[in-house]
Amino acid sequence: MDFLGFHAQLHPRRHAVTDMASGRSWSYAQFDRLVSGIASWLADRGIGEGMRVACLAKNCAEIIALHMACARLGAIFVPLNWRLSAIEVQQVIEDCEPAALFGDEMAEDLGLSAEDIFALESLSRSVEPMAVTQVPDDLPSLMLYTSGTTGKPKGVLLSERNLTETAINFTLLGEVDSHSRFLCESPMFHIIGMVTCVRPAFLNGGSVIVSDRFDPDRTFARLADPELKISHYFCVPQMALALRATAAFDPDRLRGLKAIFTGGAPHPEAQIRDWLADGLCIVDGYGMSEAGTVFGMPLDRAMIDAKAGCVGIPTPRVAARIVDEQGRIAPPGIAGELQLKGDNITCGYWRREADFKDTLTLDGWFRTGDVLTRDEDGFYRVTDRKKDMFISGGENVYPGEVEAQLVKYAGIREMAVVGVPDKQWGEVGCLFYVPDTIEIRLEDVEAYLTGKLAKYKIPKKLVALDALPRNSVGKVLKHALRGMSDGSR
């Protein structure tokens, strides 16, 4: 479903993409030519259906163009998480076996042998643009890696049909139209940055303004810039809080925004109401790599205030249900697992067919593993997350992955990693341990894990205990540990 090509014909001179880091801009016709040229150049190198093209780089227009080019070839684009350690990145590369790897200076810093992503624009002009072809919509064109509960990277495959559904769902929930302008700062190795900030704009003939990173002062200035005319902005709650803390913060300068959209972490109701008191919509939602946009709050301050803490409602294109442990539909107000159905649901996991099959019920519903409630009015609220996973600065952290690295750490007899509240990051890892001989130091643990795990996965707190709390069958009671983090170092 090539909406970029459609608008290149329908509105060729309309603005499509701006890259803030380089100051370059493209109309729909120009960006379509860039994508067609890259697709032709890749095809000349033998890149075709089902082959993987990976990239490790900060946000830039070329990442979008490379993804769209892969889609036109039936190839699979794999944006790599530059926050991972070199070892973790190498594990992902070995798993996806890319036929080509592109990157910027961040790839060089990780020791990767990657082709310069910024050379793609000139290379695209060196060949004839690829002729329009019809690629089946059920072919995967994007693979996003997430950590599994065991820490092993898992490639979520998304087809063009999946991606178009997310574009439609967010268009309906976020009131996107041809005048919408997205400031894309969310990392493009995530579903928000790669899909939700891009595909709804292309679907409707809107604009994407690409930013290489979040900087609170610079970001606020861009959101307030009357020439940029930003209408849609995504961030995690911690970023929204940082925007309010900038010296230049003035809600009157943000009146051009349709809303600030937040997700990826719990959003305190008091912080939501601070934005509402300033006359601005702060809109929470729920989504995941496997399903894209699922729920969203209405762009109505009174309704947001009345339902603060909820993640909203689904569109008619997504079927959602909450079931109890016996698989029965849970009544309003009763927590249960969220299960989903729709064309937005992933077409599978890369080379992990059994794992994907395990996520589906016998009647074809996708098990999210997340625990939610639904109220009498049909609004959903997240009450718990997948097993012991926590979210630090918008990134999922699975304690099992951290614990596996610490099994042989000297001085620890037994241990458990738990997510605990943190003012800056929302949550951070806290290492609870029983010392083998003497107490260990947090800085030594950090040094040991550096290079093995991404920085956001490394525990930021440390608590020594005489024994870990356990139930009658010996299982560690992690919910009990969460209340013990006040004594952390």
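**Reading the fold: contacts, strands and backbone angles**

Me: Which share of the contacts in the protein with a separation of 6 or more comes from residues 24 or more positions apart?

Reply: Contact means heavy atoms within 4.5 Å. Among the contacts in the protein with a separation of 6 or more, 68% are accounted for by residues 24 or more positions apart. The model is a predicted one, in which local features need pLDDT of at least 70 and side-chain atom pairs count only at pLDDT 80 or more, whereas totals for chains, interfaces and linings use all residues. Residues are numbered from 1 along each chain as its sequence is written, and side-chain values use heavy atoms, with hydrogens and water left out.

Me: How many helices and strands does the protein have, and why is it described as compact?

Reply: Helices (H or I, at least four residues) and strands (E, at least two) are DSSP runs, numbered from the N terminus. The protein has 17 helices and 25 strands. Its radius of gyration is 23 Å, close to the 23 Å that the globule rule gives for 489 residues, so the protein is as compact as a globular protein of that length. The radius is taken over C-alpha atoms, and the rule is 2.2 Å times the number of residues to the power 0.38. The C-alpha trace spans about 70 × 55 × 50 Å along the principal axes.

Me: What percentage of the residues is buried?

Reply: Buried means under 20% relative accessible area, exposed over 50%, and partly exposed in between (1.4 Å probe, protein chains only). Buried residues make up 56% of the 489 residues.

Me: What is the order of strands in the open sheet of nine strands?

Reply: Strands of a sheet pair through backbone hydrogen bonds, either parallel or antiparallel. Two strands count as paired if DSSP finds at least two bridges between them. Here the order is β2-β1-β10-β9-β11-β12-β13-β14-β15, with mixed pairing. The edge strands, β2 (24-27) and β15 (313-314), each pair on one side only. Strand β1 (residues 15-19) runs antiparallel to β2, joined by four bridges, and Thr18 stands opposite Ser25 in β2.

Me: Which strands pair with β24, and why is β24 called largely enclosed?

Reply: Ten bridges join β24 to strand β23 (residues 412-422) in the antiparallel sense, and the two form a hairpin with three residues between them. In this pair, Val420 stands opposite Val428 in β24. With strand β25 (residues 461-464), β24 pairs in the parallel sense over four bridges, and Leu431 faces Leu462 in β25. Nine of the ten residues of β24 (residues 426-435) are buried, so the strand is largely enclosed by the rest of the structure.

Me: Where does Glu175 lie, and what is its phi?

Reply: Most residues other than glycine have a negative phi, and most peptide bonds are trans. Glu175 has a positive phi, near 55 degrees. Glu175 lies in the loop between α7 (160-174) and β9 (181-184) and is partly exposed, with a relative accessible area of 41%.

Me: Is Lys229, another residue with positive phi, buried or exposed?

Reply: Lys229 is exposed, with a relative accessible area of 57%. Its phi is near 55 degrees, and its place is in the loop between α10 (216-224) and β11 (232-235).
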